[in-house]
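Hi everyone, thanks for coming. Let me put today's structure on the screen, and then I'll walk you through it.

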Amino acid sequence: MQIERISENVYWFQSEIYAQVTAGVVVGTHWAIVIDTLAMPEETLEMRRYVEEELNIPVRYIINTHHHADHSWGNCFFPGAYVFAHDRCRAEMASSGIKALEATAEHDQQFKQTKLVLPHFTFSKGNLELQVGKKNLKLMATPGHSFDSISVFIDEDRILFAGDAVLPVPFIADGDINQMRQSLYLINNLSLENLIQGHGEVILRGEVQEIIESNLTYLDKIESIVKEVKQNRQPIEALKKHTIETCGKSRIFLNGVAEELHQSNLRTLYHLL
Ligand SMILES: [Zn+2]
């Protein structure tokens, strides 16, 4: 696991096991708040040990940027911590998450100890603001990757933990392409010092605009490909030849899952358009 101090009292964690998934911690006066958990229990536990033993502060709160397993299933490894999320995140975890965890734990021993902890505090409109030590955290809706996606903006540092709203290759998992565009516009207007993607590297100030524009260009490209395939009444298989490179992104992103995500985007749009 990689650990980096991004700013005073703000830390970033990145998995070396699962798709470069990231998480964060903001340290307050008497407690710390975790932004997302990591995919594998052992890495979430390593993150907790770092906060509690190296930084010497207990974790009292967690923010889940969305309901996906690789960001929220580690909640249970912070016993007694209260969880914040969008209200649709809670609903999704309650409806599909419990069954998904049961199915995963059946064939993967690592998840035998995992229990789903549903968010305790949720919001559905506007922003939710939290004071952590001297820092003001603003939780804002940034849907598109999923309907429940939120980002965490740290006002004083101009750092944004964007969850999966920003990825090296945009991924419309259970969200919407136009909502993703709107979220990217919103993020681009924040004048960020650091943009933390849900997977991948930390993006620095000078690169933020370029990455956002690259993601917007990619969305336009996949939309036009799918429209053309449908106009020509071609079957869904016709999408396969439109590889990620033809849409301006590289397949080496995210330890090789990039092409898979890209093909999934094309199929999702084919069904939606
Ligand atoms: Zn996700």
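One term before we start: a residue is buried if its relative accessible area is under 20%, exposed if over 50%, and partly exposed in between, using a 1.4 Å probe and protein chains only. By that rule, His66 and His68 are both buried.

A word on where the numbers come from. This is a predicted model, where local features need pLDDT of at least 70 and side-chain atom pairs count only at pLDDT 80 or more, while totals for chains, interfaces and linings use all residues. Residues are numbered from 1 along each chain as its sequence is written, and side-chain values use heavy atoms, with hydrogens and water left out.

Let's go to the metal. Which residues coordinate the zinc ion? They are His66 through NE2, His68 through ND1, His145 through NE2 and Asp164 through OD, at 2.2 Å. A donor here is an N, O or S atom within 2.8 Å of the metal (3.2 Å for Na, K and Ca), and since water is not among the atoms, sites may look incomplete. Along the chain, the zinc donors follow the spacing H-x1-H-x76-H-x18-D.

Why is the arrangement around the zinc ion called irregular? Because its four donor atoms subtend angles of 87 to 178°. For reference, four donors are tetrahedral if all angles lie between 85 and 135 degrees; four are square planar, and six octahedral, if opposite donors are over 155 degrees apart and all others between 65 and 115; anything else is irregular.

Next, the open spaces. On a 1 Å grid over the protein atoms alone, a pocket is an open set of points with protein on both sides within 12 Å along at least five of seven lines, a cavity is a set where a 1.4 Å probe fits but cannot get out, and lining residues have an atom within 4 Å of a point. Points are joined across faces, edges and corners, and a volume is the space filled by probe spheres set on them.

The largest pocket has a volume of about 500 Å³. It is lined by 23 residues, and the closest to its centre are Tyr18, His68, Ala69, Asp70 and His199. Helices H2 (69-72) and H3 (87-107) each supply at least two lining residues, and H3 gives the most, with three. Helices (H or I, at least four residues) and strands (E, at least two) are DSSP runs, numbered from the N terminus. By class, this lining has 14 nonpolar, seven polar and two charged residues. Here Ala, Val, Leu, Ile, Met, Phe, Trp, Tyr, Cys and Pro count as nonpolar, Asp, Glu, Lys and Arg as charged, and the others, Gly among them, as polar.

The second largest pocket comes to about 230 Å³. Of its 15 lining residues, Pro168, Gln197, Glu201, Ile211 and Phe253 lie nearest the centre. Helix H5 (205-231) gives the most to this lining, with four residues.

Gly198 sits in the loop between strand E12 (194-196) and E13 and is buried, at 2% relative accessible area. Gly198 and Thr65 are 133 residues apart in sequence, yet 8.8 Å apart in space, C-alpha to C-alpha.

Last stop: charges. Side chains of opposite charge can pair when their charged atoms come close. We count a salt bridge when a side-chain nitrogen of Lys or Arg is within 4 Å of a carboxyl oxygen of Asp or Glu. How many salt bridges does the structure hold? Seven.

One of them joins Arg48 and Glu52, at 3.4 Å, N to O. These two are four residues apart in helix H1 (residues 41-54), so about one helical turn separates them. Asp157 and Lys135 meet at 2.7 Å, N to O. Asp157 lies in the loop between strands E10 (150-154) and E11 (159-161) and Lys135 in strand E9 (residues 135-141), so the pair ties together parts 22 residues apart in sequence. Asp157 is buried at 16%, and Lys135 is buried at 8%.

Glu259 and Arg251 form another bridge, at 3.6 Å, N to O. Finally, salt bridges with shared partners join Arg181, Asp220 and Glu223 into one network.
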